[in-house]
There are 4 protein chains.
Amino acid sequence: MLKSGSIRAAVVGATGYAGAELVRLLAGHSDVTITAITSRQYAGVPFNQVYPAVGTAVSLVCETFAPEPICERADIVFTALPHKLPMSIVPELLDRGVRVVDLSADFRFSDVAAYERHYQAHTAKELCKKSVYGLCEVYGEKIKKADLVGNPGCYPTSVLLPLIPLARAGLVDTKMIIVDAKSGVSGAGRSPSLGVHFCEVNESFKAYKVAAHRHAPEMEEILGEAAGTPVCLTFVPHLVPMTRGMLSTIYVNPEQAVSEQDVRQCLADYYKGRPFVRLCGEGAFPETRFVRGTNFCDIGVRLDTHANRLILVSAIDNLVKGAAGQAVQNMNLMFGVDEGRGLDMIPFPV
Amino acid sequence: MLKSGSIRAAVVGATGYAGAELVRLLAGHSDVTITAITSRQYAGVPFNQVYPAVGTAVSLVCETFAPEPICERADIVFTALPHKLPMSIVPELLDRGVRVVDLSADFRFSDVAAYERHYQAHTAKELCKKSVYGLCEVYGEKIKKADLVGNPGCYPTSVLLPLIPLARAGLVDTKMIIVDAKSGVSGAGRSPSLGVHFCEVNESFKAYKVAAHRHAPEMEEILGEAAGTPVCLTFVPHLVPMTRGMLSTIYVNPEQAVSEQDVRQCLADYYKGRPFVRLCGEGAFPETRFVRGTNFCDIGVRLDTHANRLILVSAIDNLVKGAAGQAVQNMNLMFGVDEGRGLDMIPFPV
Amino acid sequence: MLKSGSIRAAVVGATGYAGAELVRLLAGHSDVTITAITSRQYAGVPFNQVYPAVGTAVSLVCETFAPEPICERADIVFTALPHKLPMSIVPELLDRGVRVVDLSADFRFSDVAAYERHYQAHTAKELCKKSVYGLCEVYGEKIKKADLVGNPGCYPTSVLLPLIPLARAGLVDTKMIIVDAKSGVSGAGRSPSLGVHFCEVNESFKAYKVAAHRHAPEMEEILGEAAGTPVCLTFVPHLVPMTRGMLSTIYVNPEQAVSEQDVRQCLADYYKGRPFVRLCGEGAFPETRFVRGTNFCDIGVRLDTHANRLILVSAIDNLVKGAAGQAVQNMNLMFGVDEGRGLDMIPFPV
Amino acid sequence: MLKSGSIRAAVVGATGYAGAELVRLLAGHSDVTITAITSRQYAGVPFNQVYPAVGTAVSLVCETFAPEPICERADIVFTALPHKLPMSIVPELLDRGVRVVDLSADFRFSDVAAYERHYQAHTAKELCKKSVYGLCEVYGEKIKKADLVGNPGCYPTSVLLPLIPLARAGLVDTKMIIVDAKSGVSGAGRSPSLGVHFCEVNESFKAYKVAAHRHAPEMEEILGEAAGTPVCLTFVPHLVPMTRGMLSTIYVNPEQAVSEQDVRQCLADYYKGRPFVRLCGEGAFPETRFVRGTNFCDIGVRLDTHANRLILVSAIDNLVKGAAGQAVQNMNLMFGVDEGRGLDMIPFPV
């Protein structure tokens with residue numbers, strides 16, 4: 001057993017929403033000591049001035065990022081930065097012997113060409129081979145040994161968890177997958193813009209990046225690996241006037257003679273013993289409030305016999321299982337700690 | 001031209017949200033005088049005590065419904081009641097010579113068996129043949145001559161307007177239609193229940209009646225008529241934490257060699273000269289706030305060439321084009337008034 | 001009677017929330033033609049691209065502001081700009097013979113020194129004497145003859161309407177006035193900032209500029225004039241997680257032997273015949289939703305006999321009676337049109 | 001030190017919002033085992049069916065209340081019931097040797113006549129003398145020895161914490177106190193009614209029970225005790241469109257020559273070493289989101305030198321420090337556990 005607080009963790013980019021959520025979770029994790037947090041915008045400012053909620057529970061001051069002083073104090077570094085920045089700093093972090101969980105897209109793709117098609121030129125390609133995709137319930141064994149984890153995107157997490165077991169078992173036709181996903185506003189990050197202005201979001205609902213979101217190729221790569229064959233999906237994200245929460249409604253054609261019970265059993269078997277995937281009972285479906293602030297992914301199943309279509313509904317908190325919570329779960333796996341450690345707060349009733 | 005205020009209108013069930021929205025629209029309609037409003041729950045109470053917002057703009061007192069006194073004062077009666085009640089009172093209303101727009105499902109189906117399968121036994125079957133489905137942009141000519149109009153459901157309106165022209169033109173494969181729809185809370189009506197409690201809805205998002213909502217057969221009947229062949233669709237409604245607004249994201253397979261431009265042109269041609277259907281420009285998509293309080297249906301189009309799937313996104317205000325606004329538009333058609341009369345308020349910028 | 005559409009109006013700063021609300025109201029005003037709208041940020045862009053909701057109802061393109069071309073086309077110019085800009089352009093507008101309603105603070109103060117203490121040096125001081133404070137129900141006679149109107153602030157409007165009649169009648173002690181006011185987020189304007197980020201506002205409530213808001217001196221000047229003696233008040237504004245609406249709760253000591261009925265009667269007498277001030281019945285109080293989108297100011301009254309304190313609660317829509325609606329009402333008065341013209345839309349029930 | 005989980009706790013009325021919040025906090029409390037939960041409405045139903053969020057973290061089934069079987073299994077019983085019910089069951093609970101924290105008003109008043117004036121006849125008057133008012137930071141010593149604690153109301157908690165130290169120190173004039181308070185909707189409880197219907201609350205703000213709320217006499221009694229003289233205050237609560245959170249803005253006249261620094265120092269001294277009262281820095285004020293889900297009471301101070309008025313702003317989570325959290329804090333004091341035990345979750349950044 002680890003000594004209490006013995007994992008020394010640093011958060012790079014600690015004042016964005018995912019970074020701050022990491023600070024929340026790590027500060028409450030009995031095996032972790034946060035030793036450094038960085039922020040370009042708030043360098044020199046105490047974290048609890050940026051986020052007064054935390055009060056004396058977090059007394060760290062934001063620093064400017066510099067590899068050496070960070071690595072000296074850390075066993076693990078979480079990089080919670082916009083895409084493109086991590087690939088410029090992660091190589092040096094690894095060289096200095098720390099382990100890294102990166103929350104950007106930079107190390108999620110093993111197919112570098114796909115990354116470059118949807119993002120930009122990759123400047124640390126060699127690391128893409130070493131990096132492990134941090135979907136804990138699926139790649140747990142590899143994650144345990146990884147030095148570098150590419151933490152999954154929020155949308156992919158909500159889509160892959162219900163689909164992977166079914167794709168692996170051959171229960172669904174992976175040529176026709178439609179994902180209609182809905183996210184709370186915190187997924188857009190903390191930078192002010194007209195698109196996150198309260199009055200432009202409140203009392204409204206919209207689709208955005210219709211069939212043009214960069215999380216689609218991420219899903220296709222991982223799902224294709226599970227299915228053993230290329231996957232092509234249609235993905236339309238939407239914005240919900242709420243802060244936290246993500247719900248994906250997934251439409252897929254079942255293979256012949258597959259029953260709702262078969263699907264349910266397949267998922268139950270696959271996630272047996274894993275604390276964070278919860279299967280809803282028959283006729284029940286997830287709501288984002290049931291997972292708010294938690295690392296759960298709730299999944300509901302219904303076979304529409306009228307149209308012979310399988311409908312999967314999954315809900316996560318985009319900042320927790322969709323970002324910081326899964327990052328901590330990855331850390332737990334990497335350091336041999338129980339995977340639920342620090343993620344076991346009782347959910348709010350309301 | 002009609003004399004100002006010369007259409008005498010009565011609203012039966014005026015204190016529910018759809019009924020009250022009817023009162024709002026009719027009170028501002030230059031060709032209409034509201035002569036009677038009824039409410040079981042608030043009989044004897046001035047409408048502006050139930051809805052203080054309207055103030056002196058509406059000075060009517062709610063009455064108990066009785067056919068004779070209502071019909072004496074009305075040329076048209078709007079029945080804004082729960083399913084099942086209208087079929088017990090509409091026959092007598094028609095017998096007394098008034099015209100009726102019914103906002104329930106009771107007179108939407110020409111296939112009575114379908115109605116009975118999804119609702120209950122029908123006690124005024126003979127009227128189902130006379131009744132016209134009140135989707136104004138599609139059945140306008142029939143509506144003009146109708147004595148009884150079955151005002152469409154909110155979900156069907158948002159789904160049929162984008163799909164009917166394409167189905168008629170044979171541009172889409174009507175065997176694979178998936179409708180992922182999202183509604184504001186006012187669609188659930190004004191009766192208190194746990195499901196509409198602020199704290200159970202706020203900051204959450206959920207699917208409900210997954211592939212089990214009674215608006216699906218309504219869509220299938222009308223769409224099948226347009227396509228000339230039976231249609232089978234998958235329909236999943238969701239609840240958005242907002243008061244007004246409905247957005248439907250529709251996934252359908254295009255027939256071979258159909259381009260996004262073909263779809264756009266087909267819709268533009270079909271709705272040419274019709275004021276309430278607005279086509280979004282290329283790359284633009286509707287948001288429910290753009291149609292809030294209005295009778296518009298905004299439609300966005302995208303052909304996902306990656307998966308060869310056509311995506312249609314439509315937005316309406318569920319209480320206006322999805323209920324009371326379309327009812328008024330039906331009345332306008334029935335009485336030979338410009339179809340936009342009383343529905344031309346400038347939308348809010350925010 | 002004016003010929004329909006015969007008042008030519010220009011809106012300078014048309015794409016902020018108050019400016020856009022002006023466009024909404026003027027576009028629906030039967031005596032007005034909007035002839036020009038300006039926007040620095042969106043020059044050259046059609047207004048309905050910035051605000052897709054309005055669609056074809058507004059077909060103007062935003063221009064860069066220039067006095068000559070604007071004045072040639074306008075009888076009245078509305079300046080909906082941040083403080084300080086109007087005083088640099090209004091003199092030239094007036095010189096060119098147009099009448100002006102300015103929505104900023106620049107022309108609200110007759111005491112220039114007070115303005116300069118709370119804002120900045122005034123560069124058009126001579127106009128402050130000519131300018132009339134545009135609180136329509138109070139300064140109506142002066143407004144009719146004014147060439148320049150300083151449109152009141154939203155908070156002052158909500159506070160002055162309930163207090164002025166009582167101050168004039170000597171029913172209250174103007175030495176002890178406490179105003180606890182609450183505003184929706186649109187009052188902060190459309191410019192993106194962390195303070196209006198959805199996630200920083202949603203599901204939260206806060207006080208801001210506690211006893212340090214610049215609307216307090218504006219209230220004190222006008223109220224002092226009504227009372228005939230200097231007034232000193234404590235003003236604390238708060239932010240409500242909603243888009244539109246403002247509610248002020250005002251605590252004041254009644255003079256001896258004043259009853260709730262005296263207060264009610266005083267207000268009823270003062271606002272007799274004025275369509276936009278609505279007095280709530282005994283025991284009833286305003287809610288911001290009752291005035292949403294309207295030019296109403298609803299007022300509730302309660303004498304707390306236990307503590308011998310008078311409580312006034314007023315509600316307005318901050319963008320309408322608190323800004324654009326009152327500006328249109330001012331225009332109506334200035335041009336001899338019925339003061340309610342263009343402001344008579346029926347309120348939403350929900 | 002207590003053995004882990006050694007306090008056996010029962011929650012009577014566990015499915016209301018305060019009861020469910022108690023279950024959340026107790027389930028995460030290392031020194032507590034929940035041994036029974038009761039619910040009239042949901043008797044026989046697993047708690048996690050009523051609140052699916054909690055999942056397997058709470059596996060209890062709701063029972064019908066009966067004193068004997070509850071008391072056999074409990075060291076402490078929390079009664080989270082509507083006013084009037086507790087006084088009929090608490091006597092028997094105490095007779096059976098358990099200790100009780102009652103969340104209703106029944107045991108908050110030592111002046112039984114005041115209770116009877118504002119609520120109803122009291123049927124367990126003798127217990128009112130034994131009962132201790134559970135404002136932990138003020139009555140901690142008495143609470144430690146109490147068998148029966150009357151847990152304070154949410155509004156009183158938010159008002160008394162900032163005022164009591166000042167009243168005790170004689171820094172303020174207790175004859176002129178105005179409390180303008182704002183609450184989230186969960187304070188109204190979980191029972192459906194039109195007043196908590198999403199569409200009636202959302203996008204609106206209102207005052208209610210203006211100077212007529214029963215929490216006022218509760219504040220007056222406790223504050224009068226602190227001041228050593230009767231206190232008379234004006235109290236106006238308001239409803240905010242959010243689920244959790246309460247903010248009170250308190251206006252009071254400072255005694256002569258009292259500075260903002262004096263007030264700040266007085267509060268700092270009084271709450272020294274107490275973990276749940278946090279004083280905001282100069283110029284900073286609380287926001288309800290900073291305390292959401294936590295047991296904190298944040299307090300901001302400003303002396304309005306212009307009007308010589310002291311303004312105190314306090315924020316709590318109405319379900320935590322305003323109900324269940326304080327109840328657990330009371331239990332901690334009663335059982336000699338650190339008062340913050342089970343209440344130390346890190347707050348959400350957003």
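Reader: How many residue pairs are in polar contact between chain A and chain B?
Author: The count is 30 residue pairs, both partners at pLDDT 80 or more. Keep in mind that this is a predicted model.

Reader: Which elements does chain A bring to that side?
Author: Those giving two or more residues are strand 7 (172-183), helix 9 (198-201), strand 8 (206-207), strand 9 (233-239), strand 10 (246-254), strand 12 (297-304) and strand 13 (309-316) of chain A. Strand 7 of chain A gives the largest share, 6 residues.

Reader: What about residue types there?
Author: The side of chain A that touches chain B divides into 24 nonpolar, 8 polar and 13 charged residues.

Reader: How many salt bridges between chain A and chain B?
Author: The count is 4 salt bridges. One pairs the side chains of D180(A) and K182(B), at 3.1 Å from N to O.

Reader: And the area they bury between them?
Author: Chain A and chain B bury about 3,800 Å², with 56% of it on carbon and sulfur atoms. On the chain A side, E203(A), F205(A) and V210(A) lose the most area to chain B, together 17% of what that side buries. The contact takes 45 residues from chain A and 45 residues from chain B.

Reader: Now chain D and chain A. What area do they bury?
Author: About 2,400 Å² between them, 74% of it on carbon and sulfur atoms. I346(D), F348(D) and P349(D) supply 28% of the area that chain D buries against chain A, more than any other three residues.

Reader: Switching to helix 1 of chain A. How many of its residues are buried?
Author: 9 of the 11 residues of helix 1 (residues 17-27) of chain A are buried, so this helix is largely enclosed by the rest of the structure.

Reader: Okay, salt bridges overall. How many over all chains?
Author: The structure holds 84 salt bridges over all chains. In one of them, the side chains of D75(A) and R8(A) meet at 3.0 Å, N to O. D75(A) lies in the loop between helix 3 (67-73) and strand 3 of chain A and R8(A) in strand 1 of chain A, so the pair ties together parts that are 67 residues apart in sequence.

Reader: Is D75(A) buried, exposed or in between? What about R8(A)?
Author: D75(A) counts as partly exposed, at 25% relative accessibility. R8(A) is partly exposed too, at 31%.

Reader: Give me one from chain C.
Author: E339(C) forms a salt bridge with R274(C), the closest N and O atoms being 2.8 Å apart. E339(C) sits in the segment after helix 12 (320-334) of chain C, and R274(C) in the loop between helix 11 (260-270) and strand 11 (277-279), 65 residues apart. E339(C) counts as buried, at 11% relative accessibility.

Reader: What's up with D102(C)?
Author: D102(C) is buried yet has no salt bridge. The nearest side chain of opposite charge, R108(C), is 6.7 Å away. The D102(C) side chain does make a polar contact with the side chain of T79(C), at 2.8 Å. D102(C) is placed in strand 4 (residues 99-102) of chain C.

Reader: Last topic: backbone. What is phi of A257(A)?
Author: Near 65 degrees, a positive value in a residue other than glycine. Most residues other than glycine have a negative phi. A257(A) is in the loop between strand 10 and helix 11 (260-270) of chain A, and counts as exposed at 78% relative accessibility.

Key:
Residues are numbered from 1 along each chain as its sequence is written. Chains are lettered from A and ligands numbered from 1 in the order in which they are written. This is a predicted model: local features need pLDDT of at least 70, side-chain atom pairs count only at pLDDT 80 or more; totals for chains, interfaces and linings use all residues. Side-chain values use heavy atoms; hydrogens and water are left out. Contact means heavy atoms within 4.5 Å. Buried area is the accessible area (1.4 Å probe) that two parts lose on being put together, summed over both. A polar contact is a pair of N or O atoms within 3.5 Å; within protein, one must be able to donate a hydrogen and the other to accept it, and residues adjacent in sequence count only if both atoms are side-chain atoms. Helices (H or I, at least four residues) and strands (E, at least two) are DSSP runs, numbered from the N terminus. Ala, Val, Leu, Ile, Met, Phe, Trp, Tyr, Cys and Pro count as nonpolar, Asp, Glu, Lys and Arg as charged, and the others, Gly among them, as polar. Buried means under 20% relative accessible area, exposed over 50%, partly exposed in between (1.4 Å probe, protein chains only). Lys and Arg count as positive and Asp and Glu as negative; His and the chain ends are not counted.
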